[in-house]
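Hello,

Here is the structure I promised to hand over. Please open it first, then read my notes below.

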Amino acid sequence: MKGETQAVHLAKVMQKHKLYPEYELALPLVKVKKSSFKKLTQGDILLLGLDGLELILLLEECVCANAEINEAQNSFKIKITNIVEKTDISNHSKKYEILKCSFGMLQSRKLEVGHKIDIAQLNLEDVTLFTEGRKQAEGKLVKVDDEIAIQIIKVNKNEKQR
């Protein structure tokens, strides 16, 4: 019995320990008016002005790479297309907020141009919207007039009242 307890404890410790750096996969950052974003409700469509699915990798709220989706052997991977000098995503505007549309976190042992990262664990249809580090809403990617948009599925009410 004691051996099982130690094994379970060791498994939990190893799950918390990350072997490689963890990056957040997101759409390019978008500025939105604070007043219009506060009126966001379930079912709304948020137009992003993107013709194709462009992706970025974030490390601790800093943009560090641009990426694109590649299909290889019946699985999807992202390929790093450009390394960005770490740019901070802080906002200095009183009228606009920076909107981060996140797909989730993934690990990569290296970050260099041409490197491919498996994204099988992520669902690229579901997006979580963040402003100022707070989760504001959840949505799904949709196409409107050949442009990528987000249909709002759920608005986080508690965060909106702050």
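This is a predicted model: local features need pLDDT of at least 70, side-chain atom pairs count only at pLDDT 80 or more; totals for chains, interfaces and linings use all residues.

**Around H115**

Setting aside neighbours within four places in sequence, H115 contacts I78, K79, I80, S108, R109 and K110. H115 sits in the loop between β7 (96-107) and β8 (116-118). Is H115 buried or exposed? H115 has a relative accessible area of 12%, so H115 counts as buried. The side chain of H115 also makes a polar contact of 3.4 Å with the side chain of S108.

**The chain as a whole**

The chain has three helices and 11 strands. Along the sequence, the pattern reads α-β-β-α-β-β-β-β-β-β-β-β-β-α. The chain counts 162 residues, and 35% of them are buried. Take the contacts between residues at least 6 apart in sequence: 63% of these join residues at least 24 apart. The chain exposes about 10,500 Å². Carbon and sulfur atoms supply 48% of that area.

**Salt bridges**

Side chains of opposite charge can pair when their charged atoms come close. How many salt bridges does the structure hold? The structure holds six. Here are some of them.

K140 forms a salt bridge with D126, with the closest N and O atoms 2.4 Å apart. This pair links distant parts of the chain: K140 is in strand β10 and D126 is in strand β9 (residues 126-131), 14 residues apart. K140 has a relative accessible area of 32%, so K140 is partly exposed. D126 is also at 32% relative accessibility, and counts as partly exposed.

K135 forms a salt bridge with E138. The closest N and O atoms of K135 and E138 are 2.7 Å apart. K135 is partly exposed, with a relative accessible area of 32%. E138 is partly exposed too, with a relative accessible area of 27%.

As noted, K110 is in contact with H115. K110 also forms a salt bridge with E112, and their closest N and O atoms are 3.5 Å apart. K110 is partly exposed at 32% relative accessibility. E112 is partly exposed at 40%.

There is also a network of salt bridges, which links E24, E61 and K100.

**K100 and the rings**

K100 lies over the face of F130, at 5.0 Å from the ring centre. What is the count of aromatic pairs? The count comes to zero.

**Two positive phi values**

Most residues other than glycine have a negative phi. Two residues are worth a look on that score. Phi of D145 is near 50°, a positive value in a residue other than glycine. Phi of D146 is near 60°, again positive and again not in a glycine.

Where are they? D145 is in the loop between β10 (134-144) and β11 (147-155). D146 is in the loop between β10 and β11 as well. Are they buried or exposed? D145 has a relative accessible area of 74%, and over 50% counts as exposed, so D145 is exposed. D146 is exposed too, because its relative accessible area is 62%.

**Where to look**

Then go to the K140 and D126 salt bridge. Finish at D145 and D146, in the loop between β10 and β11.

Best wishes

Conventions. Residues are numbered from 1 along each chain as its sequence is written. Side-chain values use heavy atoms; hydrogens and water are left out. Helices (H or I, at least four residues) and strands (E, at least two) are DSSP runs, numbered from the N terminus. Buried means under 20% relative accessible area, exposed over 50%, partly exposed in between (1.4 Å probe, protein chains only). A polar contact is a pair of N or O atoms within 3.5 Å; within protein, one must be able to donate a hydrogen and the other to accept it, and residues adjacent in sequence count only if both atoms are side-chain atoms. Contact means heavy atoms within 4.5 Å. Accessible areas come from the Shrake-Rupley method with a 1.4 Å probe; for residues, only the protein chains shown count as cover. Rings of Phe, Tyr and Trp (its six-membered ring) pair if their centres lie within 6.5 Å; planes under 30 degrees apart count as stacked, over 60 as edge-to-face and the rest as tilted. A charge sits over a ring if NZ of Lys or CZ of Arg is within 6 Å of the ring centre and within 35 degrees of the ring normal. A salt bridge is a side-chain nitrogen of Lys or Arg within 4 Å of a carboxyl oxygen of Asp or Glu.
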